[in-house]
Amino acid sequence: MQSRAAEKTGTTAFVLAGRELPSRLILGSGGFTSLELLAQAVEASGSGLVTVAIRRIDPAARGSLVDLLDSLGVAILPNTAGCYTARDAIATARLAREALQTDLIKLEVIGDERTLLPDAPELLAAAEQLIADGFEVLPYTTDDPILARRLEDAGCAAVMPLGSPIGSGMGIANPYNIALICEQASVPVVLDAGVGTASDAALAMELGCSAVLSASAISRAEDPVAMAAAIAGAVAAGFAARGAGRIPRRLYASASSPLAGMPDLG
Amino acid sequence: MIYVNGDAQDNAPSVTALLERLGLGAAPRGVAVALDGEVLPRATWGAQTLHDGARVEVVGAIQGG
């Protein structure tokens with residue numbers, strides 16, 4: 001019997017921008033204290049897609065991240081982290097495409113330094129331009145269902161709403177909005193930002209997300225490799241639970257043992 | 001004189017020659033180059049000369065996101 005989630009997507013495989021991925025967990029590479037630790041976390045996570053940022057090269061500091069990710073057999077998802085305008089994000093995306101020979105871009109256009117929340121008008125403008133340039137745009141967005149719809153209508157390959165601010169570990173602040181976004185979207189919804197621990201990732205999947213992107217929750221955990229495995233398990237469990245169909249919430253108890261046949265012990 | 005990632009340096013005969021001088025090799029994977037704000041396609045690096053005062057950005061992938 002096909003699960004409900006499988007019916008909705010047509011398959012249990014996860015396809016993002018035309019690529020079939022082995023896992024519904026996308027790993028952020030930021031924050032790991034060494035490439036060795038990152039490599040172990042990639043393996044423990046089972047992820048097939050790992051984010052990178054684009055910065056000026058420091059010729060002194062190589063030990064190539066790209067070589068490492070290539071050797072692990074994972075695809076690379078460059079981001080536009082640190083960009084505050086559509087113009088900067090577009091330029092960064094073009095550099096990323098040239099550097100990594102990929103059309104995938106995790107589009108981030110940030111509004112301010114304190115919250116790192118997305119700047120909606122700049123984000124939409126950048127998405128439109130990059131889609132016109134042939135990119136597969138994966139936008140980091142707020143949990144606003146209307147903005148998510150606008151991004152999908154513009155042609156984004158997925159929408160990636162935040163659960164809560166980047167690196168905050170505050171979980172999913174507005175599960176109702178995440179559920180609304182998932183209900184209306186016909187592209188994958190990837191929960192991006194806010195995951196603090198495994199249960200947050202499971203909840204995202206139970207709400208209907210297609211995948212979870214996690215960076216800090218793993219890289220800054222006391223034991224990043226153990227947390228990578230824990231969050232991977234939570235993503236799988238949440239996806240399975242979504243497919244299994246949870247019982248409705250109700251205010252009062254509902255006995256699971258029958259009342260008929262009670263012995264008279266008067 | 002050219003400006004590579006903000007640092008003043010002697011000019012180089014081509015973008016490829018500059019990358020080799022930086023110790024990156026002729027066409028390193030994971031590297032992109034912008035000249036005066038415009039991304040240079042990899043295929044043009046060998047023939048691309050640099051004018052005096054050129055602003056060259058050499059970028060690559062680092063951990064992030």
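## Helix packing and nonpolar cores

In this predicted model, helices α2(A) and α3(A) cross with right-handed geometry. Helix α2 spans residues 35–45 of chain A and helix α3 spans residues 65–72 of chain A; the angle between them is about 25 degrees and their axes lie 11 Å apart. Angles under 35 degrees count as roughly parallel, and α2(A) and α3(A) are therefore roughly parallel to each other.

At this contact, α2(A) contributes A:L35, A:L38, A:A39, A:V42 and A:E43, which meet A:L65, A:L68 and A:L72 of α3(A). By class, the residues of the contact are seven nonpolar, no polar and one charged.

Buried residues of α2(A) are A:L37, A:L38, A:A39, A:A41, A:V42 and A:S45. These buried residues pack against α3 of chain A and against the elements in the table.

| Element | Chain | Residues |
|---|---|---|
| β3 | A | 25–28 |
| β4 | A | 49–56 |
| α9 | A | 216–219 |
| α10 | A | 224–244 |
| β5 | B | 55–63 |

After α2(A) comes A:G46, which has a positive phi near 70 degrees.

In soluble globular proteins, nonpolar side chains tend to be buried together. The largest nonpolar core here holds 71 residues, of which A:L107, A:V212, A:I218 and A:I231 touch the most other members. Helix α4 (residues 86–100) of chain A supplies the largest share of this core, eight residues. A separate second core has 18 residues, including B:I2, B:L50, B:A54 and B:V58.

Beyond neighbours within four places in sequence, the contacts of A:L107 include A:T80, A:A89, A:L123, A:L130 and A:Y140.

Notes:
Residues are numbered from 1 along each chain as its sequence is written. Chains are lettered from A and ligands numbered from 1 in the order in which they are written. This is a predicted model: local features need pLDDT of at least 70, side-chain atom pairs count only at pLDDT 80 or more; totals for chains, interfaces and linings use all residues. Side-chain values use heavy atoms; hydrogens and water are left out. Axes are lines fitted to C-alpha atoms, for helices over the stretch in contact, and angles run from 0 to 180 degrees between N-to-C directions. Helices (H or I, at least four residues) and strands (E, at least two) are DSSP runs, numbered from the N terminus. Angles under 35 degrees count as roughly parallel, over 145 as roughly antiparallel, 65 to 115 as roughly perpendicular and the rest as oblique. A crossing is left-handed if the near helix is turned anticlockwise from the far one by less than a right angle, and right-handed if clockwise. Contact means heavy atoms within 4.5 Å. Ala, Val, Leu, Ile, Met, Phe, Trp, Tyr, Cys and Pro count as nonpolar, Asp, Glu, Lys and Arg as charged, and the others, Gly among them, as polar. A nonpolar core is a set of buried Ala, Val, Leu, Ile, Met, Phe, Trp, Tyr and Cys residues joined through side-chain atoms within 4.5 Å. Buried means under 20% relative accessible area, exposed over 50%, partly exposed in between (1.4 Å probe, protein chains only).
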